[in-house]
Amino acid sequence: MITLTLLHPRQSTPVQSWTFESESAVHVGRASDNNVILYSAVVSRHHLELRKVDSHWKFTNLGANGTYVDGKSVGQMPVCDGMILRLGESGPRLRIRLGNVKSEGLGRIVTEQQSSRNTPLDLSSSKDTFFRNPSP
């Protein structure tokens with residue numbers, strides 16, 4: 001199981017989470033065919049791929065503006081529990097959790113099975129960042 005949590009741009013508090021229980025690959029970007037869709041000027045249509053290899057996850061940057069870990073641009077890297085990825089140098093941040101996840105004060109956790117809800121969110125402190133859940 002892998003859970004991606006979108007963090008608030010200023011307060012680092014969770015805004016929304018997506019949990020994937022049986023997928024071997026999770027795609028993040030602006031395009032509607034991604035598992036997690038984030039609308040931001042710095043997020044590419046197909047920005048990031050998370051892939052399960054054997055029993056471990058790794059991520060691959062696909063975006064023109066890069067994916068950053070601890071302020072450094074990274075093309076590909078193994079994923080560790082609690083890792084925070086930034087899409088673009090100033091874009092949205094995603095926390096990655098592996099295995100079972102406790103609620104982090106979120107209003108709801110969206111699983112892949114619930115992802116038919118298309119509810120965009122305007123992060124008022126980051127006016128160019130929106131997300132929605134993809135339609136089946």
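Of the 136 residues in the protein chain, 46% count as buried. The model is a predicted one. The protein chain holds 14 strands and 0 helices. Read from the N terminus, its elements are β-β-β-β-β-β-β-β-β-β-β-β-β-β. Contacts also span the sequence. Take those in the protein chain between residues at least 6 apart in sequence: 40% of them join residues at least 24 apart.

Start with a residue in strand β2, F20. Is F20 buried or exposed? F20 counts as buried because its relative accessibility is 1%, and the cut-off for buried is under 20%. Now look for L98. F20 and L98 lie 78 residues apart along the chain, yet their C-alpha atoms are separated by 9.9 Å.

β1 covers residues 2–7 and β2 covers 14–20, and H8 sits in the loop between them. H8 has a relative accessibility of 16%, so H8 counts as buried. What does the side chain of H8 reach? It reaches the backbone nitrogen of Q11, at 3.2 Å.

S12 is found in the loop between β1 and β2 as well. Its relative accessibility is 34%, so S12 counts as partly exposed. The backbone deserves a look here. Most residues other than glycine have a negative phi. S12 is not a glycine, and its phi is positive, near 60°.

D70 also has a positive phi, near 50°, and is likewise a residue other than glycine. Where is D70 placed? D70 is in the loop between β7 and β8, and β8 spans residues 72–73. The relative accessible area of D70 is 73%, so D70 is exposed.

D70 leads on to the largest pocket, since D70 is one of the residues that line it, as the pocket is defined. The largest pocket has a volume of about 160 Å³. Its lining is made of Y68, V69, D70, G71, M83, I84, L85, R86, E89 and R93. Which elements give two or more residues to this lining? They are β7, residues 67–69, and β10, residues 84–87. The largest share, 3 residues, comes from β10. What classes of residue make up the lining? There are 5 nonpolar, 1 polar and 4 charged residues.

Among the lining residues is M83. M83 is placed in the loop between β9 and β10. M83 counts as buried because its relative accessibility is 8%. Which residues does M83 touch, leaving out those up to four places away in sequence? They are F59, V69, M77, P78, L94, R95 and I96. Of these contacts, V69 is also named in the pocket lining. M83 and I96 are 13 residues apart in sequence, and 5.4 Å apart in space from C-alpha to C-alpha.

How many salt bridges does a search of the whole structure find? The search finds 2. One of them joins D81 and R97, with the closest N and O atoms 3.7 Å apart. This pair links distant parts of the chain: the two residues are 16 residues apart. D81 is in the loop between β9, residues 76–78, and β10. R97 is in strand β11, residues 93–98.

R51 has a relative accessible area of 32%, so R51 is partly exposed. E49 has 16% relative accessibility, so E49 counts as buried.

How values were computed
Residues numbered from 1 in each chain as written. Predicted model: local features only at pLDDT ≥ 70, side-chain atom pairs only at ≥ 80, totals over all residues. Heavy atoms only, no water. 1 Å grid on protein atoms, 1.4 Å probe; cavity = no way out; pocket = protein on both sides within 12 Å on 5 of 7 lines; lining within 4 Å. Points joined across faces, edges and corners; volume = space filled by probe spheres on them. Helix = DSSP H or I, 4+ residues; strand = E, 2+ residues; numbered from the N terminus. Nonpolar A, V, L, I, M, F, W, Y, C, P; charged D, E, K, R; others polar. Buried < 20%, exposed > 50% of the residue type's maximum accessible area, 1.4 Å probe, protein only. Polar contact = N/O pair within 3.5 Å; in protein donor to acceptor, adjacent residues only side chain to side chain. Salt bridge = Lys/Arg side-chain N within 4 Å of Asp/Glu carboxyl O. Contact = heavy atoms within 4.5 Å.
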